[in-house]
Each structure stands twice: as structure tokens, then as C-alpha cells.
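Keep the sequence and the 3D view open side by side. This report walks through selected residues, then the cores, then the ligand.

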Amino acid sequence: MMQPVIRVAGLGKSYETAAGLFPALKGVDLDVRPGEFIAIMGPSGSGKSTFMNLLGCLDTPTVGDYFLAGENVAHMDKDALALLRNRTLGFVFQGFNLLPRMSLQDNVALPLVYAGVDRETRQAKARELLAKVGLGNYAESLPNRISGGQQQRVAIARALVNEPRLILADEPTGNLDSHTSEEIMRLFEELNGEGITIVLVTHEPDIAAHCKRQVRFLDGQIVSDQLTGDSA
Amino acid sequence: MIHPMLGEAWLAMGANRLRTALTMLGMVIGVGAVVIMMAIGQGAQYAVQQTISTMGSNLFIVLSGSFTTAGVRSGSAGAPTLNVADAQTIAELDGVVNVAPTHQGTRQLVYGSQNWSSQVIGTTPEYLDARAWSIVNGAGFGDSDVRSATRVAIIGKTVAENLFGDDDPVGKTMRIQQNPFIVIGVLGSKGQNLDGRDQDDTVIIPLTTAQRKVFGTPFLGSVRMIMVQAESAETMPRTMESVTSLLRQRHRLREGVPDDFFMRNLSAAAESEAETTRTMSILLGAIASISLLVGGIGIMNIMLVSVTERTREIGIRMAIGARQRDILSQFLLEAVMISFAGCLLGLLLGLAIALAINAFTGMVIVISGSAALIAFVVAAGVGIFFGWYPAQKAARLDPIEALRYQ
Ligand SMILES: Nc1ncnc2c1ncn2[C@@H]1O[C@H](COP(=O)(O)OP(=O)(O)OP(=O)(O)O)[C@@H](O)[C@H]1O
Ligand SMILES: [Mg+2]
């Protein structure tokens with residue numbers, strides 16, 4: 001059996017609020033093996049985003065352990081986390097989060113800047129990925145010149161630019177219509193087909209149906225975890 | 001790493017051009033003010049130094065004062081209280097190097113169809129030694145010229161240019177008060193004195209000739225001024241004291257009767273002038289630096305606004321792998337670039353204004369490389385110092401909080 005990409009054990013996160021500590025995540029255990037395609041579902045406020053932010057090394061847990069590619073990242077310092085966000089995983093947001101003043105190509109190339117890659121390689125790589133997501137002709141456009149679906153493709157290209165083996169996406173289709181959502185999901189399926197592990201959050205059963213495994217959250221805990229359709 | 005960030009800083013600066021320009025303006029004015037003030041201050045110091053070096057060293061003058069006859073005080077228009085014999089006895093005192101009695105006034109000079117008004121100084125040959133004034137063309141006059149009141153003249157550069165033009169003045173005859181004088185020498189240039197008077201606009205003639213032919217004084221042998229050169233700055237006060245007691249004795253002034261002459265220490269006056277300009281130059285620089293400080297605070301203010309406005313951008317950058325030091329250097333670089341660009345423009349503006357001041361007012365300005373260097377170091381320092389806090393603030397943001405910022 002292959003080593004899991006993600007192993008989460010007893011992971012918990014509490015937020016400090018005016019009313020005291022609020023436990024948004026209460027002891028979550030989960031293993032994600034290479035090549036998996038997981039949908040995380042659950043009602044609003046059940047802790048899905050909290051969990052994804054922890055997986056994405058954007059936040060640190062209050063308790064528990066998180067092994068990413070075999071390394072415990074739960075207590076790493078900020079620079080080490082930044083390095084993981086840069087190289088080991090790619091994060092896709094609901095709101096795309098492209099930098100508005102930069103061309104699509106520069107947006108896609110930005111993680112390479114922080115990886116210390118030279119200019120020529122950055123440009124070549126960014127163009128290659130824009131072509132891969134079907135936006136090869138838009139390299140010099142600004143983000144506000146293209147549609148939401150196209151912006152999300154650019155964001156996915158950016159997440160892929162450092163060739164991570166793991167993509168995390170928090171409601172990547174939340175701002176898109178159902179037709180565009182289908183297109184984005186087909187892109188994810190394609191990437192998964194290439195062996196990239198994908199974990200995404202969604203409220204839509206239609207979207208979750210594209211995934212091979214569905215994990216359901218409720219009140220900061222996992223309440224169900226099942227394989228879907230043909231993979232079951 | 002720095003290279004792509006330079007481009008980004010440039011983009012960020014261009015994103016809000018008016019704001020960047022206004023922020024820069026603070027630095028432009030600050031650095032410009034420092035450059036101008038330093039140019040003027042150093043110029044003033046240079047001018048004073050220059051003047052002092054042309055004046056001659058360790059000089060003091062004795063001026064004839066009023067004397068009282070039966071309760072009636074005559075003003076300086078009355079008979080002078082000093083005379084040539086006074087000068088001769090002063091010359092015998094210890095610690096005195098040169099003594100030159102002088103009589104001077106402004107007179108019209110005529111040569112051919114040209115005429116020129118100039119200061120005429122009647123004196124003895126020692127005058128040129130005391131003032132360390134050389135003759136660049138021709139020769140000076142001697143004691144025999146003074147004894148026999150010959151009509152010879154040594155002229156300054158300004159007089160030579162205005163009266164004789166391209167002609168060689170030596171050997172030519174000019175007129176002062178209708179009297180023909182043969183020009184025997186031309187003095188080296190000294191430029192302005194401390195009061196701003198052109199020292200080269202001068203004619204020097206033998207004292208006796210001046211008294212008899214030019215100023216027509218009824219009191220032959222009396223002089224209005226005696227210039228004395230002491231051995232050194234240290235012995236000067238002692239020398240002045242012995243001159244005082246000598247003159248009081250010679251003028252038969254009883255105890256309690258005030259001096260009938262004044263003394264003025266020219267070298268000390270020059271020193272205090274130099275001190276004044278030094279202080280002024282420091283003061284000007286200090287005042288100008290305040291505007292530089294204000295410019296720096298402007299940068300800090302704008303960078304703080306910028307960090308707040310771009311919180312989300314910072315969050316995105318962090319999410320894709322920017323480390324704290326990447327964010328820090330990004331904002332620091334922006335602050336330093338604004339500061340530097342402002343500094344460069346300020347430097348050019350300051351130089352242009354300083355040169356314009358020099359061109360239109362003739363004020364001496366000194367532009368030193370060190371002033372420009374200081375301005376640049378200060379600009380970089382201001383950029384880093386005032387950019388540090390906002391950049392630090394940006395770098396310390398929490399990625400999740402920053403991403404959530406609307
Ligand atoms: N920074 C925070 N401070 C305090 N409470 C927070 C914070 N972030 C999240 N919470 C709380 O934690 C709980 C879980 O939030 P989370 O965003 O993980 O839910 P979610 O499952 O992603 O919901 P949604 O489907 O609406 O996105 C919520 O009750 C929320 O109010
Ligand atoms: Mg959420």
C-alpha cells in the first residue's frame with residue numbers, strides 16, 4: 001500500500017470569539033491516498049473551509065497531527081508552510097483570487113517567482129499551463145477581461161505551475177453556473193486522470209458525483225465517508 | 001529574486017500614479033531643499049574663506065577718532081587725530097611686522113575718453129606686504145616715491161579692465177583729479193571683501209601724493225587710518241594693547257580721558273564672519289532636513305494605506321507561497337524606489353535651482369559630490385526607515401485573515 005498523500009489524525013481547530021473558544025473542527029481523522037478524487041460535503045458552518053485551510057497549510061491546527069507527504073506540518077513555522085504551499089500543493093479558491101493588475105501569464109507564473117525560477121522558464125511554463133487549460137490565446141489579457149469560468153481555469157493553471165501532486169479546492173464552482181461548473185469538473189477529472197490527487201469542497205451533489213469518494217462533515221466532525229458510483 | 005520584484009514595484013507605483021507622484025513630491029522637495037541649502041551654505045563658507053585668505057593675516061586697523069577741544073567734539077570730518085609719525089613709532093614696537101598709514105576716498109579716473117570711479121588709497125609700500133598683495137604686471141613704488149610725492153599709481157584688475165580695456169596699462173598716463181599719474185603696476189586679483197566690495201576696483205598711490213594732490217587735506221602728515229600687521233594671532237591682543245598705550249602717550253591723553261582713536265581687529269572680525277556663515281550653513285541644512293523628514297513620513301503614510309488596500313493581494317501572494325521576507329522586501333522595495341526616484345528628481349531640481357540662483361544673483365554656490373552622496377544615502381535610509389514599519393505590517397499578516405479581507 002502506498003504512503004498516503006495526506007494523513008490527518010485527531011485534527012482540531014478552535015477559534016477565539018467574543019463568546020469564548022469556538023471549536024470549528026473537533027478531532028478529524030482522514031487518509032488521502034495518491035490519485036484520489038475526494039468531495040467534501042456538509043451543511044454551511046460544518047467546518048469544511050476550516051479543514052481545507054488546514055490541509056492547504058494556510059492555517060495551523062489547535063490540536064492533532066497533519067502529515068503531508070509523510071511530514072508532520074502541524075507545528076512547522078511560517079516559512080516552511082509557505083514553502084509547502086508553493087511547491088507541494090496547489091490551492092483553488094471559490095473567488096478565483098487572481099491579481100487584477102497582472103496579465104494572466106504573470107498570474108500563472110507568480111508561484112514560480114517565489115520558487116526562484118528564472119524569467120524565461122517562468123514564462124514558458126506559464127504559457128504551457130495556460131494552453132493546457134484552454135486559454136493559450138489570452139496570455140497577455142488582464143483577469144477582468146475574461147469570464148468567471150475562464151478565471152477559474154487560470155487559477156487552476158496557477159495551482160499547477162509548480163507541478164504539485166495535490167490540488168485542494170474550496171467550492172471551486174461556487175461562483176459559476178452549472179454549465180461552466182461542468183467544464184471545470186471535467187478539467188479536474190482530466191488532471192486526476194494524470195495522477196494528481198484532488199480534494200474539493202462542494203454543496204452540489206452533481207459536482208460531488210464527479211468525485212470518486214465523498215466525505216461528509218457535520219458540526220466539525222466527519223459523519224460519513226464513502227466511495228461513489230463505479231469506483232465503489 | 002530582486003529582478004522580478006523591481007518590475008512589480010514599478011507596476012505598483014504605476015497603478016496609482018497621482019498618489020505615487022504626490023508622495024514623491026515630498027522627497028523631491030526635501031532633497032531639493034537640502035541640496036539648495038547645502039549649496040548656498042557651503043558657497044557662503046567658501047566665499048568667506050576666500051575673502052579671508054585675500055585679506056592678509058593678523059591685521060588690525062587704527063582709525064582716527066574724534067578729539068575734544070574745549071568741549072567741542074569734532075566728528076570724523078574734523079582734523080584726523082593720527083599722523084605719519086604715529087605710524088612710524090608703531091612700526092618700532094615689538095610684535096609688529098608691517099605698518100601702513102593710509103588715506104583713502106573715491107575719485108574719478110580718466111584715461112583718454114574713458115572714465116571710471118574708483119577707490120583711491122594713498123599709503124606706503126608696506127601696505128601691499130601687509131595685505132599680501134602681489135603685482136602681476138609692472139612694479140610697485142618705493143619709499144622714495146612717498147618721500148618725494150611722485151605721481152605714480154598701481155591699479156587693480158577692475159580698474160585696468162574698465163579704463164584701459166585691452167591696452168597694457170603699465171607706462172600709460174591717467175588722470176586723478178586733473179593730475180596726471182603714470183601707471184607703474186597692476187595688482188593681482190583679490191575679488192570681493194567681506195562687505196561685498198570689489199577689492200580690485202582700487203588705485204594705490206603714495207601717501208604724500210594722495211594727501212597733496214588728490215584729497216587736498218589741510219593737515220599734512222595726518223592720516224585717517226593706520227593698518228598694522230601683527231606677528232601672529234596669539235600676539236595680536238598684546239600688540240594692540242601696546243599700540244593703545246603708545247598712542248595715548250603720544251597724544252598726551254591723561255587718565256580718564258577717552259581714546260581719540262578706534263581699533264578694529266580685522267582678522268577676528270573675519271573669523272567671526274566665518275563662524276557665522278558656518279552656523280548659518282548648519283542651520284539651513286537642519287531646516288532643510290526637516291522637510292526631508294516630512295517627506296519620509298509621507299512615504300510611511302502612503303505605504304500604510306497601500307498595505308491596507310492590498311491586504312487581499314498580500315493574502316493571495318502568501319497563499320501561493322510568498323514567505324514573510326518576500327512580502328517585506330516587496331513593500332520595502334516600493335518605499336525605497338519612491339524615495340530614490342524622489343531623491344533623484346530632488347537632486348536635479350536642487351541643482352537647477354542652485355545654478356539659477358548663482359546665474360541670477362551671482363551668489364557663490366558650492367556643489368559638492370558629497371552633498372549628492374549624502375542626499376542619496378539619506379533617501380535610501382528614509383525609504384528603508386519609513387518603509388520598514390508598513391512592510392513589516394504587511395509581512396506579518398495572517399494569510400487566512402488577509403484572504404478574507406474585502
Ligand atoms: N476566523 C473565525 N473566527 C471565528 N469563527 C470562525 C472563523 N472561521 C470560521 N468560524 C466558524 O467556524 C465554523 C465553521 O466555519 P467554516 O467556514 O469552516 O464552515 P464551512 O463548512 O466552510 O461553511 P460554508 O459551507 O458556509 O462555507 C462556523 O461556525 C464559522 O462561524
Ligand atoms: Mg466554506
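## A buried threonine

T197(A) touches V5(A), V32(A), R33(A), P34(A), G35(A), E36(A), R165(A), L166(A) and I167(A), leaving out residues up to four places away in sequence. Touching, or contact, means heavy atoms within 4.5 Å. T197(A) sits in strand β8 of chain A, residues 197-201. Strands (E, at least two residues) and helices (H or I, at least four) are DSSP runs, numbered from the N terminus. Is T197(A) buried or exposed? The relative accessible area of T197(A) is 1%, so T197(A) is buried. Buried means under 20% relative accessible area, exposed means over 50%, and partly exposed lies in between, with a 1.4 Å probe and protein chains only.

A polar atom of the T197(A) side chain lies 2.9 Å from the backbone nitrogen of G35(A). A polar contact is a pair of N or O atoms within 3.5 Å; within protein, one must be able to donate a hydrogen and the other to accept it, and residues adjacent in sequence count only if both atoms are side-chain atoms.

## How to read the model

This is a predicted model: local features need pLDDT of at least 70, side-chain atom pairs count only at pLDDT 80 or more, and totals for chains, interfaces and linings use all residues. Residues are numbered from 1 along each chain as its sequence is written, chains are lettered from A and ligands numbered from 1 in the order in which they are written, and side-chain values use heavy atoms, with hydrogens and water left out.

## An enclosed helix and a buried lysine

Find helix α3 of chain A, residues 104-114. Ten of its eleven residues are buried, so this helix is largely enclosed by the rest of the structure. Among the buried ones are L104(A), Q105(A), N107(A), P111(A) and Y114(A). After α3(A) comes G116(A), with a positive phi near 75 degrees.

Now go to helix α4 of chain A, residues 119-132, which holds K125(A). K125(A) counts as buried because its relative accessibility is 15%. Beyond residues up to four places away in sequence, K125(A) touches L112(A), V161(A) and E163(A).

## Two glutamates with positive phi

Most residues other than glycine have a negative phi. E163(A) is not a glycine, yet its phi is positive, about 55 degrees. E163(A) lies in the loop between α5 (148-160) and β7 (166-170) of chain A. Its relative accessibility is 55%, so E163(A) counts as exposed.

E171(A) also has a positive phi, near 45 degrees. E171(A) lies in the loop between β7 and α6 (178-193) of chain A. At 17% relative accessibility, E171(A) counts as buried.

Q221(A) lies in strand β10 of chain A, residues 221-227. Q221(A) counts as partly exposed, because its relative accessibility is 38%. Which residues does Q221(A) contact, leaving aside neighbours within four places in sequence? They are K26(A), S46(A) and R216(A). G12(A) and Q221(A) are 209 residues apart along the chain, and their C-alpha atoms are separated by 9.3 Å.

## The nonpolar cores

A nonpolar core is a set of buried Ala, Val, Leu, Ile, Met, Phe, Trp, Tyr and Cys residues joined through side-chain atoms within 4.5 Å. The largest one has 74 residues, and I6(A) and F51(A) have the most contacts inside it. Helix α11 of chain B (residues 324-361) gives this core its largest share, ten residues. Another core lies apart from it, with 38 residues, including L98(A), A155(A), F188(A) and A208(A).

Back to F51(A): not counting residues up to four places away in sequence, F51(A) touches V8(A), L11(A), L25(A), V28(A), L30(A), I40(A) and F217(A).

## The ligand

Where is ligand 1? Ligand 1 lies between chains A and B. It is surrounded by 15 residues, and the closest are S44(A), G45(A), K48(A), S49(A) and T50(A). A residue is near a molecule if one of its heavy atoms lies within 4 Å of it. α1(A) supplies the largest share of this shell, three residues.

One is 2.7 Å from an N or O atom in the side chain of S49(A). One lies 2.9 Å from a backbone N or O atom of G45(A).
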